[in-house]
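Hi everyone, thanks for coming.

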Amino acid sequence: MEMTLRWFGTGHDTVTLKQIRQIPGVTGVITTLYDTEPGEVWPAERIRAVKDEVAGAGLHISGIESVNVHDSIKIGTADRDIYIENYIKTLENLGREDIHLVCYNFMPVFDWTRTELARRRPDGSTVLAYTQKAIDALDPESMFASIKNDANGAVLPGWEPERMARIRELFEMYSEVDDEKLFCNLKYFLEAIMPVCNKYDIKMAIHPDDPAWSVFGLPRIIINLDNIKRMMKMVDDPHNGVTFCAGSYGTNRANDLPSMIRALKGRIHFAHVRNLKFNSDDDFEEAAHLSSDGSFDMYEIMRALYDIGFTGPIRPDHGRMIWDEVAMPGYGLYDRALGAAYLNGLWEAICKSQNS
Ligand code: CS2
Ligand code: MN
């Protein structure tokens, strides 16, 4: 595996490339063109510019998270082919710049959903948290209003104000889309992009729905092993793979994370490894990466990745806000750096104990 950190780009991220370069063992970044809209073609010059900037800091781009998929593609409206064409052009531009990993998601309307961005834990850190009763009590607009104030001025991916302004319209557009329709539209999209992925050897790594169940009545399909297998079988190409996000699949306690990893051997192209602490089955908070701080056995997760011979990029996922850092919730420097160091430590111990 290669240890990486997510970086949103100069002007968008409080964390600098220089800081990332100083985290032991981190050699790559996972980045994006944060100010592009879903459906736009990413200009080759802009991709090259960010690639050069990252290289100038002694790092390299290990993958893109995310090239977002336009709602027309997810809904399957008549204009989807235009947006698919644009997606293909973006993939070509990435491929020509020698970028071979793209993370994306197929979640309707929102990206991840949390009900609190700054829940205080006993040690005084603040974390992202989810409680089902808040979802059941609120509509999406009031939820957006309630979490916006905790965002430290950052725009959270998937919760951009422009999208929120159109929220009613978006819900209306998705009203005819159920899980089956969403699977069909995903298949259509994947079939269209696989030729370019093969040509440039671009691994597509779908990110799971987070949480791994339906919120606000919207369909959600990338939630468990059966559905991922269905997705991989319906477009059976090694470039059609997954981002294994422990914190997202792990929201559903029926998902056995290490055994899912083993079952996905060869098709995990990217891994997000983080821990959750459950207070009940539908109330959880994003703990430190350390196993004993949360509910997951992080050793077993890393061990499963080792056992399947995982060689792709891995990154610590959301971190806690600690040491008075002010940053995008989940994406500060300090706790993610601690996460990277801890995951590197587990990995070193696993490698040495297996080779001795
Ligand atoms: C990320 C997702 O912050 C997060 O939870 O893991 O936002 C992820 O980047 C997207 O869903 C991938 O498209
Ligand atoms: Mn993730």
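I'll go through the ligand shell, then a sheet, then some helices.

Before that, some housekeeping: this is a predicted model, where local features need pLDDT of at least 70, side-chain atom pairs count only at pLDDT 80 or more, and totals for chains, interfaces and linings use all residues. Residues are numbered from 1 along each chain as its sequence is written, and chains are lettered from A and ligands numbered from 1 in the order in which they are written.

OK, the ligand. Which residues are closest to ligand 1? They're Ser66, Asn105, Asp111, Trp112 and His207, out of 14 that surround it; a residue is near if its C-beta atom, placed from the backbone, lies within 6 Å. Strand S4, residues 101–105, gives the largest share of that shell, with three residues. Helices and strands here are DSSP runs numbered from the N terminus: H or I with at least four residues for helices, E with at least two for strands.

Now the sheet. We've got four strands in an open sheet, ordered S5-S6-S11-S10, with antiparallel pairing; strands pair if DSSP finds at least two bridges between them. S5 (116–120) and S10 (277–280) are at the edges with a single partner strand each, so one side of each has no neighbour in the sheet. Inside the sheet, S6 (residues 126–131) and S11 (residues 283–285) are joined by three bridges, and Ala129 sits opposite Glu285 in S11.

On to helix H14, residues 334–355. Its 22 residues at 1.5 Å each should span 32 Å, and the end C-alpha atoms are 32 Å apart, so that agrees; the expected span is 1.5 Å times one less than the number of residues. Buried residues of H14 include Asp335, Arg336, Leu343 and Leu346. Buried means 20 or more other C-beta atoms within 10 Å of a residue's own, exposed means 12 or fewer, and partly exposed is in between, with C-beta atoms placed from the backbone. Among the elements covering those buried residues are strand S1 (2–6) and helix H13 (298–307).

Last, two residues. Ala44 is in helix H2, residues 44–56, and counts as partly exposed because it has 15 C-beta neighbours inside 10 Å. Beyond four places in sequence, Ala44 contacts Asn93 and Arg96, where contact means C-beta atoms, placed from the backbone, within 7 Å. Arg262, in helix H12 (residues 257–263), touches Ala304, Asp307 and Ile308, leaving out residues up to four places away in sequence.

How values were computed: Two residues are in contact if their C-beta atoms, placed from the backbone, lie within 7 Å.
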